[in-house]
Amino acid sequence: PMYYKGWYHFFYQHNPIASYWGDLVWGHAVSRDLINWIFLPHAMLPDQWYDVVGVWTGSANILPDGSIVVLYTGCTKEQVQNINLAYPADLSDPLLIKWVKYSGNPLLFPPPGIGNMEFRDPSNVWLTPNGTWRFAIGTKYNTTGISFVFETKNFINYTLLDELLHQVPNTGIWECMDMYPVSLTGTNGLDTSFNGPQVKHVLKASVQEQGGDFYGIGQYDVEKGIWTPDGPEVDVGFELRYDYGRFYASRSFYDQSKQRRILWAFSRECDAEVADIKKGWASLQIVPREIVFDNKTKSNLLQWPVKEVESLRSNGKEFNKVKLTAGSIVPLDVGKTAQLDIIADFEIDSNALEGVVEADVGYNCTTSDGASGRSALGPFGLLVLANDGRSEQTAVYFYIAKGTDGNLKTSFCSDLTRSSKATDVNNKEIYGSTVPVLENEKLSLRILVDHSIVEAFAQGGRTTITSRVYPTEAIAGAARVFLFNNATGAAVTATSVKIWEMDSASMTFYSDQQKA
């Protein structure tokens, strides 16, 4: 994605002839607000010998002189991946409809020791103090995830730097690399090339073997060309993930029009391929997120839906100080729609917290009994996309564990085990992780609910979970919302619950009339 002359541009992997992977082109859509989109003609087709198998992932880059450079992955019929250059045919066209592939493509092939099909996804470029441009590519040596860096002055001739940007053993192949600066003092985003004091650099890799987008926080040494994590606990491939659900292959970009960094990813299908063929499409883009450094914890990022999504809100309702005794479920009257924006705060009874000596110290969302499990201090939260009898429901909840030392550990989870009665859905699992909760903070969450996807954010976006869901009964006017508290030893108060119905975003197709 990128922003150019008043339009947000989104280039995406697309199979135009079938709803399964293959025959990939670069689809192209534009928007004024990141919410309502116009589909344009495909930007690039697999029509050259070097990309005949597919026009695959790359990056769109706006340079200081106003020119645009696209780097993308091609693949030959001999199954060799390569890196290529493209650019707009007409920079005066704000929609950038026509694209030209560089006549000297391909620019790069896999270096020695790298597999022919393990060299892809050039990152966004950044400018160095000596005037050269660099970009990263993820791959692996044996089982070690690594990232190369290439340097260029003209985007035609490239040098592979001697030093790896970073490597982490036993993480497998890295895809869709991303590296960008975040401010330690402000809330604005930073241009990808920015570096200096009061800045850290985020390094992100889509780790194929774990099916997730992992990030680390650290320092980028432009002279040595290496990135170093602040510590092993914030290295790539371990604890920190953008999202603990169905979320992959994300890209971020700097939105110069509003001085913010936007993160975008897609959510893959979890049903049978035959079902995708029947419905005629596969995979979803999540709602774009603004991403910043968490200046309170100083150890993670914050992600939050872009402000523009609030333009879809209507018919807001508010529920205050709803008491949830142990084991209780409370329905909320929110109208008849499956599309909602929910913001809720919770407080757990302080006497109960103090009275519990120890509670489930080893709790883990993914191996737990989910929303139906019961312990002294959880779970509690919301049931969305639920039918009247709750035989179909998606649960989003907190779970508090307490050690004998009195320390609390809060988990944030999404339970899909009852999310669908469909028999061909293979992701009826439980997602989640721990979420930092600082002293005197209420437990807070936000949930964007659609009939196909549930995006959940805890503590202002410290932990996020995207769930691809397939309700069969809890749809449209039959979808319900409940508050619940399945703790055995504590009452919980939903101090504030705000719920808006959400209109549908506009998706239209380009025509000459619209252009006029």
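Colleague: How many residues are in the largest nonpolar core, and which have the most contacts inside it?

Modeller: The largest nonpolar core has 46 residues, and Ile342, Phe346 and Leu382 have the most contacts inside it. A nonpolar core is a set of buried Ala, Val, Leu, Ile, Met, Phe, Trp, Tyr and Cys residues joined through side-chain atoms within 4.5 Å. Buried means under 20% relative accessible area, exposed over 50% and partly exposed in between, using a 1.4 Å probe and protein chains only.

Colleague: Before we go on, what kind of model is this?

Modeller: This is a predicted model, where local features need pLDDT of at least 70 and side-chain atom pairs count only at pLDDT 80 or more, while totals for chains, interfaces and linings use all residues. Residues are numbered from 1 along each chain as its sequence is written, and side-chain values use heavy atoms, with hydrogens and water left out.

Colleague: Thanks! Back to the core: which strand gives the most to it?

Modeller: Strand 25, residues 340–348, gives the most, with 5 residues. Strands here are DSSP runs (E, at least two residues), numbered from the N terminus. Another core lies apart from this one; it has 35 residues, including Tyr215 and Leu263.

Colleague: New topic. Where is Thr464, and is Thr464 buried or exposed?

Modeller: Thr464 is in strand 32, residues 463–468. Thr464 counts as buried because its relative accessibility is 0%.

Colleague: What does the side chain of Thr464 pair up with?

Modeller: A polar atom of the Thr464 side chain lies 2.6 Å from the backbone oxygen of Tyr242. The side chains of Thr464 and Asp243 are joined by a polar contact of 3.1 Å. A polar contact is a pair of N or O atoms within 3.5 Å; within protein, one must be able to donate a hydrogen and the other to accept it, and residues adjacent in sequence count only if both atoms are side-chain atoms.

Colleague: And which other residues does Thr464 touch?

Modeller: Leaving aside neighbours within four places in sequence, Thr464 is in contact (heavy atoms within 4.5 Å) with residues including Tyr244, Arg289, Gln303, Ala456 and Phe457.

Colleague: Last one: how do the residues lining the second largest pocket divide?

Modeller: They divide into 13 nonpolar, 12 polar and 8 charged. Ala, Val, Leu, Ile, Met, Phe, Trp, Tyr, Cys and Pro count as nonpolar, Asp, Glu, Lys and Arg as charged, and the others, Gly among them, as polar. A pocket is an open set of points on a 1 Å grid over the protein atoms alone, where a 1.4 Å probe fits, with protein on both sides within 12 Å along at least five of seven lines; lining residues have an atom within 4 Å of a point.

Definitions and conventions: Helices (H or I, at least four residues) and strands (E, at least two) are DSSP runs, numbered from the N terminus.
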